[in-house]
Amino acid sequence: MEERLQKIISRAGIASRRAAEKIILEGRVTVEGEAVTELGRKCDPDRQVVCVDGRRIGGAERHVYFLLNKPKGYLSTASDEHGRRTVLELLPEVEERVYPVGRLDNNTEGLLLITNDGALMNGLLHPRYEVEKTYVAKVAGNLSEELLDRLRHGVLLEDGMTAPAKVRLLEQGAGISRVELRIHEGRNRQVRRMFSAIGCEVKALKRMAFAGLDLKGVGRGKHRELTAEEVAGLYELAGIGK
Ligand code: URA
């Protein structure tokens, strides 16, 4: 949307409308690289590059998309009032204001998407699109297929029945079972609560895949940018056209 330059500058929080006029008259403002000193010039900061003292203002932020392999001990929030470590500390070079797509518990590790694309984030988290998440849980005890069947059918949690889950016993021994669980819901602490509902304790939990993406090539605590094809795939899953 086109707006007067002094309005764009004041809305960016740099100066009041009056002070913005002074800044323009001083020749400190450029539009598409050209100095503009006349007041009242209109432009669209989302489509044109408007700079004050050489720094872009008011433009739509470039969307960025990262896949992080979250270690234990990091909160999936953008900030924490108690000063605990957050996942954003693992992406120190990212200047955009990004957020995690959903949450992993502090003591859960694995795949977490990080982006500043709010529309995509909402789509991926919306229950309607049934985006699949794959977890591997290390669970105390030797779990029987009959017990796992209960997870497959759905179990009653305090916030209602869970949808049927795809469950595979990966291995078992020394009193520990490794179980793969594929679900499309994203309730708070869902996997831990599902196991708790069948009387089992989760000793460790890792998200291996989310929305068709996995952790291949991304070590613990590391991240990578998504490719354009991957982003396009996410848009499709989230039911939005780009
Ligand atoms: N389920 C859980 O219990 N914890 C997570 O972090 C994710 C899913």
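Which helix and strands each supply at least two residues of the lining of the largest pocket? I get strand 10 (133–140), helix 5 (190–197) and strand 15 (202–210). Helices here are DSSP runs of H or I with at least four residues, strands are E runs of at least two, and both are numbered from the N terminus.

Before going on, a note on what I'm looking at: this is a predicted model, where local features need pLDDT of at least 70 and side-chain atom pairs count only at pLDDT 80 or more, while totals for chains, interfaces and linings use all residues. Residues are numbered from 1 along each chain as its sequence is written, and side-chain values use heavy atoms, with hydrogens and water left out.

Entry, pocket. I looked up the volume of the largest pocket and found about 560 Å³. A pocket is an open set of points on a 1 Å grid over the protein atoms alone, with protein on both sides within 12 Å along at least five of seven lines; lining residues have an atom within 4 Å of a point. Grid points are joined across faces, edges and corners, and the volume is the space filled by probe spheres set on them. I see 26 lining residues, with Arg 103, Gly 186, Arg 187, Asn 188 and Arg 189 nearest the pocket centre. Strand 15 gives the most, 3 residues. By class I have 10 nonpolar, 9 polar and 7 charged. Nonpolar takes in Ala, Val, Leu, Ile, Met, Phe, Trp, Tyr, Cys and Pro, charged is Asp, Glu, Lys and Arg, and the others, Gly among them, are polar.

Entry, domains. The assignment (bounds from an automatic or database source) gives me domain 1 (3–57), domain 2 (65–127 + 213–237) and domain 3 (132–210). Domains 2 and 3 each put at least three residues into the lining of the largest pocket. I also checked domain 1 against domain 2: their centres, over C-alpha atoms, are 34 Å apart.

Entry, cavity. My search of the whole structure finds 1 cavity of 30 Å³ or more. A cavity is where a 1.4 Å probe fits but cannot get out. Its lining includes Tyr 65, Phe 66, Val 101 and Thr 115. Strand 9 (108–115) is among the elements supplying at least two residues, and strand 9 gives the most, 3.
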